[in-house]
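Subject: Structure for you to look at

Dear colleague,

I am passing on the structure we spoke about, together with its sequence, and below it you will find notes on what came out of the analysis. Please read them with the model open beside you.

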Amino acid sequence: MARYSALLGSRIQVTYRAGDIVLPATGNLAADSGKSIFLEESYQQKGSVKTFRWEIPYACIIELRECPEVPKPSASVNAPREASAESAMAVGSLQLKKNLA
């Protein structure tokens with residue numbers, strides 16, 4: 001029986017184990033086979049929409065919860081950025097050296 005079928009189509013956040021590593025993932029729950037879940041995320045690359053899907057077996061799921069919809073970006077990609085005091089270089093920050101040899 002599919003454990004997460006009630007969440008199909010919802011945006012979820014899952015923490016899962018991949019070997020010795022614990023990884024977070026966020027996406028739309030596309031399918032639940034009864035043995036694993038399938039997350040789906042769409043993105044735009046070079047003017048075309050791409051879809052990425054990945055499978056997470058039940059045995060690897062540590063935590064799964066529903067999360068709010070994707071927030072709308074507050075700034076346009078093409079809009080110029082304003083300089084702020086936060087983005088200015090701080091006195092104690094590191095600088096790249098021009099000649100490493």
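Predicted model: local features only at pLDDT ≥ 70, side-chain atom pairs only at ≥ 80, totals over all residues.

The strands make up an open sheet of five, in the order β4-β3-β2-β1-β5, and the pairing is antiparallel. Its edge strands are β4, residues 48–57, and β5, each of which pairs on one side only. Neighbouring strands of this sheet are turned against each other by 40° on average, with direction ignored.

Within the sheet, β1 (residues 11–18) and β2 (residues 21–32) pair in the antiparallel sense over eight bridges, and R17 stands opposite V22 in β2. These two strands form a hairpin with two residues between them, and G19, which lies in the turn, has a positive phi of about 70°. On β5 (residues 61–66), five bridges make the join to β1, again with the strands running antiparallel; here Y16 has I61 as its bridge partner.

A second hairpin is formed by β3 and β4, also with two residues between the strands, and K46 in its turn has a positive phi of about 50°. The antiparallel pairing of β3 with β4 extends over ten bridges, and one of the pairs to look for is Y43 with its bridge partner K50 in β4.

The nonpolar core

The largest nonpolar core holds 15 residues, of which V14, I37, L39, I56, I61 and L64 touch the most other members. Two or more residues come from each of β1, β2, β3 (36–45), β4 and β5, with β1 giving the most, namely three residues.

The salt bridges

The count of salt bridges comes to three. In one of them R11 pairs with E41, and the closest N and O atoms are 2.9 Å apart; this pair links distant parts of the chain, since R11 is in strand β1 and E41 is in strand β3, 30 residues apart. R11 is buried, because its relative accessible area of 10% falls under the 20% limit, whereas E41, with a relative accessible area of 23%, is partly exposed.

Another salt bridge is formed by E40 and R53, whose closest N and O atoms are 2.6 Å apart, and this pair too links distant parts of the chain, with E40 in strand β3 and R53 in strand β4, 13 residues apart. E40 is partly exposed, with a relative accessible area of 21%, while R53 is exposed, because its relative accessible area of 55% is over the 50% limit.

The remaining salt bridge takes us back to the residue in the opening question, for the side chains of E63 and R65 meet at 3.3 Å, N to O.

With best wishes

Key
Residues numbered from 1 in each chain as written. Heavy atoms only, no water. Pairing = 2+ DSSP bridges. Helix = DSSP H or I, 4+ residues; strand = E, 2+ residues; numbered from the N terminus. Axes fitted to C-alpha atoms, helices over the stretch in contact; angles between N-to-C directions. Core = buried A, V, L, I, M, F, W, Y, C linked by side-chain atoms within 4.5 Å. Buried < 20%, exposed > 50% of the residue type's maximum accessible area, 1.4 Å probe, protein only. Salt bridge = Lys/Arg side-chain N within 4 Å of Asp/Glu carboxyl O.
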